[in-house]
Amino acid sequence: MTALADAPRPRRLRLRPTFTVAVAAIMLAAVFALAILGPLWPGFDPDTQNLFGAKIPPIQDWAHPFGTDPLGRDLFSRLAWASGVSILIALAAVAISACLGLALGLVAGWRGGWLDGLLMGVGNTQLAIPVVLLLIVLVAALGASTVLLVVLLGLTNWVAYGRLTRSLVLTLREQEFIVAAKTAGASDAWIILRHLLPNAVPKVLILAAFDTGVIVTIESSLSFLGLGVQPPVPSLGLMIAEGQRYLQTDPFLTVFPALAIFCLIGGIQFAGQGLAARPPSRGGR
Amino acid sequence: MTRYLVVRLAGAAATLLAVLTFVFVLVRLAGDPVRLMMPDQATAAEVEAVREALGLNRPLIVQYWDFLTSALGGSLGDSLRQGRPALEVVLERMPATLELAFLSFAIGFAAAVALAATAEVAGSKRLRGLFLWIATARQSAPPFLFGIVMVLILSVNLGLLPAIGRNSWLSYVIPVLTISTFEIALYLRLIGSAFDEMREADWVRTARAKGVSRPRLVLRHMLPNALLPVVTVAGINLGVLIGGLVVLETVFNWPGLGRLIIDSVNNRDFPVVQAGVLAIAASFIVINLAVDFLYAALDPRVRLA
């Protein structure tokens, strides 16, 4: 009886993921189109200031379809460029943390011993300080620059990848094909590169996909505080910080960058949810 | 059990020592601490005199040892701006942040449990999908962004709530709403997948066979088991929550630790930054230690391992 009642009903289940994936695709397509096609628009100019044409509301002047910011710069151009900057920063930072975590996790998991203890200890310490706070104080000590931001974002987020890879290696090393390779006399480097790495990469990529949304959240928060992307390069977080002061009179200054951030993070999250890959918990044991 | 507790305690102590080392190095990375304290027009002789007086001309290792011993004695130096002990400045601001953190955590966690249990009692995957959908959409707006939108709607347009400050209980509504709703998606996913795993378990089938009602099955049998693994993630995730809070306090002009740290970063008041980072890390370490002990108390298998 129970088995019958609980039998999966594929027709119903298939619809929802498709809908969620479609929503994700629309959100991501909107931001990527803005970031890639925006700079091709003939009126693209994120830098020229015009204090006499400041805070023009959207749709009033077709030279500035999204209006202008408090310094009279074209909001559409700034939004397009800022979206591109956020995407590139997130991808670069995730690439750094994923490679670093993968490399450290492989070595720590395979070799074990004091190296393993040291790496996991460093990871534990890093987790004791919230990443945003860690980045704030590091930026404060080392100075704010966009390149440094990417490097620091990469260096402070490797722990989740390191732990994931290490736990994968710990289960893999007991399996027959690894034992066989070892018995056949394969070197550590060979086993790590030819056997462990290819098995770890898919799971690391899933984590990286989810992590990209988290990195966008952190980067936009830091830029909002003025500790992330530095002017004159536009960034979504900084645009919101500038717009916040005119929230009562000109909310569009805040709403456009807010929508861009929402679509970027939401697109990533919904894509993950719709593809039914359960997000691996960050920093789980 | 004792062995487990001792190992965890030693781990916590090691982490604290590592964090102390980190904040020591941090200030040295920031440049010459004496230059930070002195006005720009100070002469080289005056700078040297202060350096001598503060013992900053001694070898680094001696300074490090000094820093560690005085930190363990509860002294982290004086604030450069306020001239008071940095720890005192930090401890003053802690309650405002802890209030927000615990209120937001409790409400967010309770909401996630309530939503997951409702969907499970109703036995509706569709309902859970809907809850998860809304929670994920909410999570797609970073706390600072959601906070500003809430201010725009609830304070600016409707005039219902104060936009900034911490003057009455009404000022808690927007910050707590912002942080707690940000948390829901994570816990909803975790509890939901725990339910998925146990739905086919023998003991669930046995309970159903002996006629346990569905609400009772979910609330009394499944929920306590689903919450167990979530406890550990909750302890670790508290870091994400506090991270969001640090940024959010600036948005709402909330007189907490986060705003203090950011103000001190902007004023280059490094002793306060050090003390602030230490205070947050120490609370985080203590909370995770408590979680470990709680876990051991709840699950006998952990103690025996």
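Is Arg84(B) buried, exposed or partly exposed? With a relative accessible area of 25%, Arg84(B) is partly exposed, a value that falls between the 20% under which a residue is called buried and the 50% over which a residue is called exposed. The points below concern a predicted model, and they go from the single chain to the interface and then to particular residues.

1. Chain A as a whole. The secondary structure of chain A consists of 11 helices and zero strands, and read from the N terminus the order of its elements is α-α-α-α-α-α-α-α-α-α-α. Of the 285 residues in chain A, 50% are buried, while the chain exposes about 13,300 Å², with carbon and sulfur atoms supplying 69% of that area. Among the contacts in chain A with a separation of 6 or more, 73% are accounted for by residues 24 or more positions apart.

2. Extent of the interface. The size of an interface is often given as the accessible area lost when the parts come together. Here chain A and chain B bury about 4,400 Å² between them, and 75% of this area is on carbon and sulfur atoms. To the contact chain A gives 49 residues and chain B gives 51 residues.

3. On the side of chain A that touches chain B, at least two residues each come from helix H2 (10-37), helix H4 (113-128), helix H5 (131-142), helix H9 (188-224), helix H10 (236-244) and helix H11 (252-274) of chain A. Sorted by class, that side of chain A has 28 nonpolar, 15 polar and six charged residues.

4. Helix H11 of chain B. This helix, spanning residues 257-267, is mostly covered, since eight of its 11 residues are buried. The buried residues in H11(B) are Leu257(B), Gly258(B), Arg259(B), Leu260(B), Ile261(B), Ile262(B), Ser264(B) and Val265(B). The cover over them includes H5 of chain A, together with helix H5 (86-122), helix H10 (214-252) and helix H12 (270-298) of chain B. Just after H11(B), Arg268(B) takes a positive phi of about 55°.

5. Ser86 of chain A. Ser86(A) is placed in helix H3 (residues 75-111) of chain A, and with a relative accessible area of 2% this serine is buried. Its side chain joins that of Glu219(A) in a polar contact of 3.0 Å. When residues up to four places away in sequence are not counted, Ser86(A) touches Glu219(A), Leu236(A) and Leu264(A).

6. Ile191 of chain A. Ile191(A) lies in helix H9 of chain A and, at 0% relative accessibility, counts as buried. Leaving aside neighbours within four places in sequence, Ile191(A) is in contact with Trp110(A), Ile178(A), Ala181(A), Lys182(A), Ala186(A) and Leu196(A). The C-alpha atoms of Ile191(A) and Arg173(A) are separated by 9.7 Å, the two residues being 18 residues apart along the chain.

7. Salt bridges in chain B. Side chains of opposite charge can pair when their charged atoms come close. Over all chains the count comes to 10 salt bridges, and one of the pairs takes up the arginine of the opening question: the side chains of Glu92(B) and Arg84(B) meet in a salt bridge at 2.8 Å, N to O. The side chains of Arg214(B) and Glu120(B) also meet in a salt bridge, at 3.7 Å, N to O. This pair links distant parts of the chain, with Arg214(B) in helix H10 and Glu120(B) in helix H5 of chain B, 94 residues apart. Arg214(B), at 31% relative accessibility, counts as partly exposed, whereas Glu120(B) is buried, with a relative accessible area of 5%.

8. A linked set of charged residues. Arg128(B) forms a salt bridge with Asp196(B), and the closest N and O atoms of the pair are 3.0 Å apart. Because Arg128(B) lies in helix H6 (residues 125-139) and Asp196(B) in helix H8 (residues 170-198) of chain B, the pair ties together parts that are 68 residues apart in sequence. Asp196(B) is partly exposed, with a relative accessible area of 27%. A network of salt bridges links Glu120(B), Arg128(B), Asp196(B), Arg199(B) and Arg214(B).

Conventions. Residues are numbered from 1 along each chain as its sequence is written. Chains are lettered from A and ligands numbered from 1 in the order in which they are written. This is a predicted model: local features need pLDDT of at least 70, side-chain atom pairs count only at pLDDT 80 or more; totals for chains, interfaces and linings use all residues. Side-chain values use heavy atoms; hydrogens and water are left out. Contact means heavy atoms within 4.5 Å. Buried area is the accessible area (1.4 Å probe) that two parts lose on being put together, summed over both. Helices (H or I, at least four residues) and strands (E, at least two) are DSSP runs, numbered from the N terminus. Ala, Val, Leu, Ile, Met, Phe, Trp, Tyr, Cys and Pro count as nonpolar, Asp, Glu, Lys and Arg as charged, and the others, Gly among them, as polar. Buried means under 20% relative accessible area, exposed over 50%, partly exposed in between (1.4 Å probe, protein chains only). Accessible areas come from the Shrake-Rupley method with a 1.4 Å probe; for residues, only the protein chains shown count as cover. A polar contact is a pair of N or O atoms within 3.5 Å; within protein, one must be able to donate a hydrogen and the other to accept it, and residues adjacent in sequence count only if both atoms are side-chain atoms. A salt bridge is a side-chain nitrogen of Lys or Arg within 4 Å of a carboxyl oxygen of Asp or Glu.
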